Amino acid sequence: MSTFLDEFAQAPDLRYLNHAAVGPWPKRTAVAVRKFAEENVLLGARDYPDWMKVEQRLRERLARLLNAPSIDDIALVKNTSEALSFVAFGLDWKAGDNVVISDEEFPSNRIVWEALKPQGVDVIQVSLKGTDPEGALLAACGPRTRLLSISSVQFATGTRLDIDRLGHGLRQRNVLFCIDAIQHIGALPFDVQASQCDFAMADGHKWMCSPEGLGVFYCRAELRPQLKLHEFGWHMLEHSGDYGRDEWRPASSAQRFECGSPNTLGAMALDASLSLLEEVGMKEVGRSVLERVGWLEQGLSAIGGVTVHSSLEIRRRSGILTFSIDDKPTPQVWQSLMQNQVVCLPRGPGIRFSPHFYTEPRVIEETLSIVQRIATH
Ligand SMILES: Cc1ncc(COP(=O)(O)O)c(C=O)c1O
């Protein structure tokens, strides 16, 4: 692990616990972007075919990261919200259909379904607060439920759901399964086949430690032709390089969701960032993330007046831990933390900490001392 620590070079006094918002890049990502910039200055796009090789490698890395059956199942998208919109506005709805979500979703995974209201689609919000959130979600699926869309890790509390169980239950009920996995992929192992999900999406700028603006959209192969397309252009075609052709049809692969020129700069970066996650291995990344969240949880729980809002159950844990200090307003606590170079955000019921696999134990220890100081002053 120690060699991988060298990959991160944040300012020495910075305590970065904000990967659930935007993750810092590893050095190799900065090197790849710098090299790409210099190449563009010197040679323009002379070696464009080489850029496409990197993009191809990126698709392969993403397919491995999600355990997708094929790279044909992987589309490169702008962000999570775009991919959610592809699903919502791609499916053929009938008035009276409904979509089940939770009542803790990030706006992207609520608004997109509420936007189907003019088509007569209802949204059912389910509380995750009980002892069996998966059971509650499945129980909410009725005869008119077409799809369940859920964040596998909730953005504010970090609650992790058992997506394999959900996927199994939804298949039995013939309900489509869509996973907003932006708070999951890159932090913990993720497997579209084990979860039997139909759609999954995530942007690269959080746990994958890459710039904003390039994400992944997985669509199960059998469902690809069923999603109506709303963006058209040269790149999404079966014969995308053949500009003289009059006849056209959308690519049979997930490239059909990529209408025009690719985000090559983003691809250089995400490819480099994922190469690091692959070298460490997602099992080890996940183990380290949970270990660090465990340290934070133990330390925070030992400080008088601190309430940890995230679930303490091991199977519910993720890279996110949210807490508050009983007699102190959250905005004030957040301001004090930021003044002490603890980078985090107020979310949901309190302050959200989100360490990554490389976060040094020193960062956690110093952060806990700072929280202790804030709590006792
Ligand atoms: C659970 C969840 N979904 C979606 C988003 C937004 O993602 P994007 O900007 O990639 O559309 C966020 C961002 O914080 C999020 O936490």
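Modeller: R362 is partly exposed, with a relative accessible area of 29%. On this scale, buried is under 20%, exposed is over 50% and partly exposed lies in between, using a 1.4 Å probe and protein chains only. This is a predicted model, in which local features need pLDDT of at least 70 and side-chain atom pairs need 80 or more, while totals for chains, interfaces and linings use all residues. Numbering runs from 1 along each chain as its sequence is written, and side-chain values use heavy atoms, without hydrogens or water.

R362 has a charged partner, E366, and their side chains meet in a salt bridge at 3.0 Å, N to O. The term means a side-chain nitrogen of Lys or Arg within 4 Å of a carboxyl oxygen of Asp or Glu. Both residues sit in helix 12, four residues apart, about one turn of the helix. Helices here are DSSP runs (H or I) of at least four residues, strands (E) of at least two, numbered from the N terminus.

E366 is itself partly exposed, at 26% relative accessible area. E366 also forms a salt bridge with R15, where the closest N and O atoms are 2.8 Å apart. R15 is buried, with a relative accessible area of 14%.

Now take E104 and K129. The closest N and O atoms of their salt bridge are 3.6 Å apart. This pair, too, links distant parts of the chain, 25 residues apart. E104 is in the loop between strand 3 (98-102) and helix 5 (108-114), and K129 is in the loop between strand 4 (122-126) and helix 6 (133-139). E104 is buried at 16% relative accessible area, whereas K129 is exposed at 66%. By the same rule, the count for the model comes to 32 salt bridges.

Next, the ligand. Its surroundings (residues with a heavy atom within 4 Å) include N79, T80, S81, F106, S108 and S151. F155, D180, I182, Q183, D203 and K206 also surround the ligand. Oxygen atoms of the ligand come up against several side chains. A polar side-chain atom of S81 lies 2.5 Å from a ligand oxygen. For T80, a side-chain N or O atom is 2.7 Å from an oxygen of the ligand. For D203, the corresponding distance is 3.1 Å. On its own the ligand has 400 Å² of accessible area (Shrake-Rupley method, 1.4 Å probe), and the protein covers 89% of that area.

A88 is found in helix 4 (residues 80-88). A88 is buried, with a relative accessible area of 0%. Leaving out residues up to four places away in sequence, A88 touches W93, V112, W113 and L116; a contact means heavy atoms within 4.5 Å. A88 and Q372 are 284 residues apart in sequence, and their C-alpha atoms are 45 Å apart in space.

How values were computed: A polar contact is a pair of N or O atoms within 3.5 Å; within protein, one must be able to donate a hydrogen and the other to accept it, and residues adjacent in sequence count only if both atoms are side-chain atoms.
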